[in-house]
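Please examine the sequence and the three-dimensional structure shown below. The explanation then leads through the chain step by step.

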Amino acid sequence: MKIRKGDTVEVIRGEDKGTRGTVREVVHGKSRDGAVDPNGDRVFISGVNMVKKHQRRTGDVRTQVGIIEREASLHVSNVALVCPHCNKAARVGYLVQPDGSKVRVCKNCHETIE
Ligand SMILES: [Zn+2]
């Protein structure tokens, strides 16, 4: 998984193409029993891919009723990590450190991304 919570990403496909935002939540494409979800990994990005949802009364007084706006998830393949060094939607590679840990590397400017 190349995209993490808190990353700045740019939408590279679809209606919100070119929009940038911060990853609010990453949903891994695995169900509870460990099977791979065919929909794959998805991300929620603050303020991106807003959808209006008509919320009906549910009987629960805490539920907000009416038309509410909320973020819909995007498939990770539709977003690209924005490199904090070159400020471009970057392709990301991995570099294995001497201690065996992997760090993300921008394939554009070759800087590591924390
Ligand atoms: Zn870069």
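The structure is a predicted model. Its protein chain has eleven strands and zero helices, so that, read from the N terminus, the order of elements is β-β-β-β-β-β-β-β-β-β-β. The radius of gyration of the chain is 17 Å, well over the 13 Å that the globule rule gives for 114 residues, and the chain is therefore more spread out than a compact globule. Along the principal axes, the C-alpha atoms fill a box of roughly 55 × 35 × 25 Å. Of the 114 residues, 18% count as buried. Where contacts join residues at least 6 apart in sequence, 40% of them link residues at least 24 apart.

The chain is divided into two domains: domain 1 covers residues 1-82, and domain 2 covers residues 86-114. Their centres, taken over C-alpha atoms, are separated by 24 Å. Six residues from domain 1 and six residues from domain 2 take part in the contact. On the side of domain 1 that touches domain 2, the largest share comes from strand E7, with three residues. The residues on that side of domain 1 comprise four nonpolar, two charged and no polar residues.

The sheets may now be considered in turn. In general, the strands of a sheet pair through backbone hydrogen bonds, and the pairing is either parallel or antiparallel. At the E8 end of the order, E7 and E8 run antiparallel and are joined by two bridges. Val82 has Ala89, in E8, as its bridge partner.

Another open sheet has three strands, in the order E9-E10-E11, again with antiparallel pairing. Strand E9 (92-96) and strand E11 (112-113) stand at its edges; each has a single partner strand, so one side of each is left without a neighbour in the sheet. E9 is also hardly covered, for among its five residues the count of buried residues is zero.

The pairings within this sheet can be followed residue by residue. E9 and E10 pair in the antiparallel sense over five bridges, and the bridge partner of Val96 is Lys102 in E10. The hairpin of E9 and E10 has five residues between the strands, and there Gly100 takes a positive phi near 95°. Strand E10 (residues 102-106) also pairs with E11 in the antiparallel sense, over two bridges. Here Arg104 has Ile113, in E11, as its bridge partner.

Asn87 lies in the loop between E7 and E8. Although Asn87 is not a glycine, it has a positive phi of about 60°. Is Asn87 buried, exposed or partly exposed? Asn87 is partly exposed, because 13 other C-beta atoms lie within 10 Å. His110 lies in the loop between E10 and E11. His110, too, is not a glycine, yet it has a positive phi of about 65°. His110 has 12 C-beta neighbours inside 10 Å and therefore counts as exposed; the cut-off for an exposed residue is 12 or fewer.

How values were computed
Residues are numbered from 1 along each chain as its sequence is written. This is a predicted model: local features need pLDDT of at least 70, side-chain atom pairs count only at pLDDT 80 or more; totals for chains, interfaces and linings use all residues. Two strands pair if DSSP finds at least two bridges between them. Helices (H or I, at least four residues) and strands (E, at least two) are DSSP runs, numbered from the N terminus. The radius of gyration is taken over C-alpha atoms; the globule rule is 2.2 Å times the number of residues to the power 0.38. A residue is buried if 20 or more other C-beta atoms lie within 10 Å of its own, exposed if 12 or fewer, and partly exposed in between; C-beta atoms are placed from the backbone. Two residues are in contact if their C-beta atoms, placed from the backbone, lie within 7 Å. Domain bounds come from an automatic or database domain assignment. Ala, Val, Leu, Ile, Met, Phe, Trp, Tyr, Cys and Pro count as nonpolar, Asp, Glu, Lys and Arg as charged, and the others, Gly among them, as polar.
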